[in-house]
Amino acid sequence: MSAAVPIPLIQLLQVLTVALAAPGLTGVIAKVEARLQGRRGPRVLQPYYDLAKLVRKESLAPEGASWFFLAAPLVAVAAYLTIPLLIPVLTTYGLPLGYLGDILGGGFLLSLASFVIAAAALETGSPYAQLGSSRAKTFSAITEPVVLFVVFTVALLTGTDLPYHMAAVVRSSAGQVIRPAHLLASAALFMVILLETGRIPVETHTGTNEFGMIEEARSFEHSGPYLALLRWGGELKQFILFTILADVFVVPWGLASTQRLGDVVLAIAALLAKAVAVGCVVAVIDDSFAKLRLFKITEYASAAFLLAVLGVFTMYLGGG
Amino acid sequence: MIGVMLALLAVPLAAGIASFFGPARAGAGITVTSGIACFGLVLALIPHVAHGTVSYLSYLRADAVSGVFLLATAFLYAAVAVYAVGYLHGRSDVYARRFYLGFNIFAWAMLAAPLMGSLALLWIAIEVTTVVSALLIAIEDTDGAAEASWKYVLIASAGLGLALLATIFAYYAGAQVLGVHSDLAIGPLLRAGGRLPATPVRLAFLLAVLGYGTKVGLFPVHTWLPDAHSEAPTPVSALLSGALLATSFYAILRFYQVAAAALGSGFPRDTLLAFGIASLLLASLYVFGQRDVKRFLAYSSVEHMGILAIGVSFGAPIALAGVMLHVMAHAAAKGNAFMGAGVLTVKYRTKQMAAMRGGLALLPWSGPLFLLSIFALSAFPPSGIFRSEFQIVAGGLASGNYAAAAALVVLVTVAFFGLATAATSMLLTSPPQPPQPPRSGTRQAAQAPAQEQVPARGEPSVWMVVPVLAGVAVLLVLGVHPPGEITGLITRAAAQLGGTP
Amino acid sequence: MSSPGVYDGAADVIAALMLLLEFGMLRQALVRDQVRLYAAQSALISVLAIVIAADRNLPDLYALAALSGTLKVVVVPLVLRRLLGSPDGEETPGVAGSYTLSPASAVLAAIGLAAFGFFSFGSLGISSPEAPATALAIAGAMVFVAFGLMIVRRDVASQAIGFFSLENAISLASLVVAAGLPLLLETAFLFDLLLAVVVFAMLIRAHHARSESLSTADLTKLRG
């Protein structure tokens, strides 16, 4: 087990792990959810089959839609696949490409993906797709300040805005874990993740009711391989957000601190376990709460904002 | 002397319980006895506190400042107890039982406050006065009383919350010097003086002025006061105004002493001056245009509390002596005014001043006495208030606060005009005339009820005159020639407030 | 940035949770939920007292925690629930919708108040080895939010709960800066709270009997 994995390979492994595991995570969540409801549920691998099926299908574009409509899924997936380079996915030490962008850079990439999908939905002229993207943009305008305040907290805690440093600070002592700034920022981030991934209490993930849809409605007009890309993109986004929550904020343990093969393999296993654990929490929440009415979502977002603001407050005095 | 202090704490409590559970008609007698007994006990205590501090462990402590407030409260307790006999008019139902229970316990809490040896116990005593007096206001089962008592209990409790915060910071300050197990006893805190850390003391003082100031009725936290005073039963209004406000001011004075010892007197005096001027300004303007006689007197109370705060802020010994005298004189004068207003209210069956006409002609005793009380409140010589305000202004001039002293004089004059206009319209007009004899038989039925409304000449009850007479006598004595014991007490209290331990 | 240490962190987290519950009370429409949040907040106070007792070796505080827990987690919520709920479990009218501001504006205003309280208490520089400065500042923020709660809600239930939670905020402050305050005095403070609860209860009942509602919107007769 002493073989050292070369750094570029680790870097590649980060992206590959995320890319390959993301649909599986969605499958696990769906399975857990079904079990909690007393159903057998779909196979865990079902999302992979879905993607494979979609890839084989023919692709149609609405009349009048420009090249942008078809390019959007590619751009979105490219953005999502870049983010794992920036955040601590497998290692405690920063990898060379990890310094391509800071935590804000990651945020920009997420926003870029979300923007191109929304813009593509506008191309279609379909009312539901447009409704979905306008809602998604409205709520992301509200969650933006929350994310910013979370970033401020990170910046105040670490003096930088690099995710690797944040994880290192949290690992450094128990006192750092329990300080209110850290817990409040984590809670706020978790609430935002629920909103961004279209989970209860914001949106019914598996619903077919167009009026309650936000994220789901945007891909209505895509089909075939392009729809597969969008689906995969959504799963990537979910996995990335869970990774940020787990590896940067809540449990940044189990990451590889060396280049040894054993450590890296363990780190992959730990990452998958953590993602599944977060997924289980999300599934439990999915099953225990009702969906909020659309206009109550602002209040949900304001609660997250409150958490984030209080996090910065307590940080400000140094003691928090 | 411990015996006297313990008796003061026991008698009103026992009286309250006895009048609730005892024979139906005994309540009045028990309460009057208790009131007079307490006044006697305080008189017995005065010579001792005028020469030194009496204390028992760290729980009970009475010095000259306490003595002044005890004297004011006990006198008013006795006077109002007598007055209540006439006010309740021989009632012996549940209302009367509840009234006497609450009344005695209210007096008990107010007498206990100046005897408390630590700031924490002081807070507790004042909190007890709040809850008991809130219930006493609510005892009048009317919409107005329900509203007033809710506002009062909410605002005053919130204020006392701040006062509790003040107490906690005072503890924190004390614990830095006296160790963790100091218990906020006043004596050690005063002795620690300049060694106390400045910031917590400053914060504690500000919070105390704001918190206890809510109960004193300082602007801008006075808003409950006119409502509560106007809706409470008259004897309770008299105690609220004459004794409760002063007792709360006593709490501020204790914090003032600690703050002045720890910070020097600049900051505490400026704070009190600001609150005092604002209250005086507000009250002297609001006295105009009041329609309800008890509301009108309530604003006058805000005015006098403002004068007390300004007097303390002057800091000169003569001003502090004036403040101490003012506490006693105001208790007597405001008690008198409320008792007189109560007679008018009973007589005219309304609290509206517009409906009160010709009081002098209708009330052979209470009319002139009410007029005298209003004059006394407006600081006419030879009332005690004239002497006290004169001393306060003299102190202001002596300490170089010319602007504040001038403002004080101007605003007190403004308030005097307000008081005088209202009083003359109530008293010196001709009484309401019975309607003209009807010319035709058809209108007779319609006018018959109106005819009953016109009150006849005469006093409602002799019990409601005697305490007012006593109050006038006290005001005269305080104004013309205060007895030596009282002068000694006041001089010593002023010296203590000025910083001499 | 240096770590604040586990003890301080725990105290601060408990304080922050109390502040969040305060916001919850501001936000909740139903009395039942408000009372539940109040009970939870009071339970946190007891937990904090136990934490401090264990860390500082102040055995008095165990007794205080027990006493405060009994009173504020059990007795007061019980009294309030008995008093404010109607017997058939339905909500008494007058509480839901008693906002003077819209809920979102109320929360934003309260965030402003909390910021003011937080930084004004935080800037005092009152800290000692025993006092985690952040917890004190949070207590300051809680005081202001409790005042906000009493102001933005126009019903006797919310106002009473606002006052009781104000008292919780003060308890928090006193635990932080005055943990050594003699047990006797702390007990007296608690007893006094009980007295206030009784009086609030009587007045609320009188108000309810009079107006069939818990709303205070009609208490506007006395002016001037």
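**Close-up views of a predicted model**

**Figure 1. The loop that holds B:Pro220.** B:Pro220 belongs to the loop of chain B that runs between α8 (198-216) and α9 (224-231). The structure shown here, as in every view below, is a predicted model.

**Figure 2. The loop between α15 and α16 of chain B.** This loop lies between α15 (366-377) and α16 (384-398) and contains B:Pro382. The peptide bond that leads from B:Pro381 to B:Pro382 is cis, and its omega is near 5°. B:Ala379 also lies in the loop between α15 and α16. Although B:Ala379 is not a glycine, its phi is positive, at about 65°. Is B:Ala379 buried or exposed? B:Ala379 is buried, because 26 other C-beta atoms lie within 10 Å, and a count of 20 or more is required for that class.

**Figure 3. C:Asn57, between two helices of chain C.** The loop between α2 (31-56) and α3 (60-84) of chain C includes C:Asn57. This residue, which is not a glycine, has a positive phi near 60°. In general, most residues other than glycine have a negative phi. C:Asn57 is exposed, because there are 8 other C-beta atoms within 10 Å and the limit for an exposed residue is 12 or fewer.

**Figure 4. The contact between chain A and chain C.** Chain A contributes 23 residues to this contact and chain C contributes 25 residues. On the side of chain A that touches chain C, the elements giving two or more residues are α7 (174-178), α8 (180-196) and α11 (297-316) of chain A. Helix α11(A) supplies the largest share of that side, namely eight residues. Sorted by class, the side of chain A that touches chain C consists of 11 nonpolar, 10 polar and two charged residues.

**Figure 5. The largest nonpolar core and the surroundings of C:Val145.** The largest nonpolar core has 397 residues, of which A:Ala188, A:Ala308, B:Val68, C:Leu19 and C:Val145 touch the most other members. Helix α6 of chain B, residues 143-178, gives the most to this core, with 23 residues. The close-up then turns to C:Val145. When neighbours within four places in sequence are left aside, C:Val145 is in contact with C:Leu19, C:Glu22, C:Phe23 and C:Leu26, among others. Its contacts also include C:Ala110, C:Leu113 and C:Ala114.

Conventions: Residues numbered from 1 in each chain as written. Chains lettered and ligands numbered in written order. Predicted model: local features only at pLDDT ≥ 70, side-chain atom pairs only at ≥ 80, totals over all residues. Helix = DSSP H or I, 4+ residues; strand = E, 2+ residues; numbered from the N terminus. Contact = placed C-beta atoms within 7 Å. Nonpolar A, V, L, I, M, F, W, Y, C, P; charged D, E, K, R; others polar. Core = buried A, V, L, I, M, F, W, Y, C linked by C-beta atoms within 7 Å.
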